[in-house]
Amino acid sequence: MDVAEGVTPAYLKLAQIKFCLSLPQFKNDPDLKKSLLDGIVDNNMAPYYQEVCTDLSWKFDQTLYEKMAANNDKRMAELEQEKNPTMVDDDDPVSGIWQAKLLYLCSIGDREKATKLAESKLEEKNVPKSQQIDTVFALFRIAYFHGCDLPAMKKAIDKATELIEGGSGGDWSARNKLKAYDGIWSLAIRDFNRAAKLFVDVVPTFESYELADFSTIIKYTVYSSMIAFPRYELKKTLMHHGVMAQALNSDSKELKDYFVSLYEGQYSKFLVFLARIEKNMKQDPILHPHYKYYVQEMRLLAYKQILQAYRSLSLDYMAESFGVTKEFVEKEVARFAAAGRLTCKIDHVAGAVVTSSTSKCSLQLGAPESRLERGILYQTTVKKGDILLNRLKKLARVMDF
C-alpha cells in the first residue's frame, strides 16, 4: 500500500490549504482558493469537494460534482477488474484490489467509505498482520487529512502500536514508520520532547512519504528539538547528525539559521527567525494550536540563556541584544519573573535585571528547559578571564615594584 518511494501524494497538501482558508486572514485569498479547487478537480475529489464546500461555505457546483463523481465511480469499477501491479502480494489479487480501493478512496477524500473499508478489513481474521498495520496507518492519514481529528489519530496510533509491538507483527520497516506517525501525533498533542526524540531517530531512515514529505519532517525535527533538547545536545543532534546536517546545510538553510542564532546568542536575529517560525506554525493544522505556547517558551529560553551567566544585566543591553525596546524587555522579563519562570527581579532604579544566582537562573527552567548551559558559562568565564588578565597587565605596567 506504499506510494512510490520518495513521493508524497499531491492530495495531502490540500489539507493545509483548506486549513489556511479556514483562518480569517486567508478566508478570501483568491490564490489559495484556486489552488484548492484546482487540486480537487485534478484529482476528481468529489467527496472532498462536498466537504470543502460545507466547511468553507463555498457555493456548491452540482455539475462539477457530478462530473467528478462519475470519474470516481468509473475508477472504482476499473479497480474491480484489474490486477493492480503495485499490490502487496501478486498471488493475492483480492487483497491487492481492496488495498488499491482504500488508497483511491483516501486520495479522493471519501472519508466515510475509506474508514468503513479499512475498519472492515481490520475485523477480518484472514488479513495478514502486515496489511493490518498498513490499514491502520491509512486510518491515521484519513484522520490527519480530514481536520486533524485527534481522537481518531490517537486510536490509530494505539492500534498500530498494539499490532507492531505485540508479537511478531511488526518488522523493522513498520516500526520505523510508526516513529514518523507517532512523531506527528506527539506534535499534535504538544509533546515536543517525545516528538523530538522520535523525529531524530527516524530522519536517517525516513520512508513514510505517504504521510509527509521529507522537508516537513526536517522542519518538525528542528522545531521540536529546539524546545526539547538541552543546548549542549542541540549541535550534536542537528549539525553533527549526518542526514539532518546535510538537509540543514542544503535545503533548509533558514531552519539552520534559526538554530544557529539561538545557539550562538545572536538574539536579534533569533527573534526575526522566530517570527517567521510563528507565521509558519499558524498555517500548519498540526502546529497552529500550539504556536503561542511555542513562541513564548522559545523567547523565555532566550532570556534564560542570556541571563544565566550574570548576576545583573542592564535592560538597555538586553534590549539592544534582542533588537527590541527597553520597555518590551522589561515587560516580558517582569511577566516571566512574576510567573516564577525566571528567578530574577527588575531593579527599576538601576535599570537592570538582577538574578538571585547564576546557577538558580540556569536550573529553574521548567519542563523543556531543565538544563545548565555549560557552553555559555564557559565562554563567559573565559571572556571575563581575558579581561581580568588584560587589566592586570596594564596595572603591572604602572606599578613600581
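How many bridges join strand 2 to strand 3, and do they run parallel or antiparallel? I find four bridges, with the strands antiparallel; strand 3 covers residues 352-355. My strands (E, at least two residues) and helices (H or I, at least four) are DSSP runs numbered from the N terminus, and two strands pair if DSSP finds at least two bridges between them.

Housekeeping: this is a predicted model, where local features need pLDDT of at least 70, side-chain atom pairs count only at pLDDT 80 or more, and totals for chains, interfaces and linings use all residues. Residues are numbered from 1 along each chain as its sequence is written, and side-chain values use heavy atoms, leaving out hydrogens and water.

Back to the hairpin. I see D347 opposite A352 in strand 3. Four residues lie between the strands, and G351 has a positive phi near 65°. Buried means under 20% relative accessible area, exposed over 50%, partly exposed in between (1.4 Å probe, protein chains only).

Next, rings. I pair Phe, Tyr and Trp (its six-membered ring) if centres lie within 6.5 Å; planes under 30 degrees apart are stacked, over 60 edge-to-face, the rest tilted. That gives 18 aromatic pairs. Y48 and F145 have ring centres 4.8 Å apart and planes at 35°, so I log the pair as tilted. Y48 sits in helix 3 (residues 46-56) and F145 in helix 7 (residues 129-145), 97 residues apart. Both are buried. I also note one aromatic cluster of F137, F140, Y144 and Y181.
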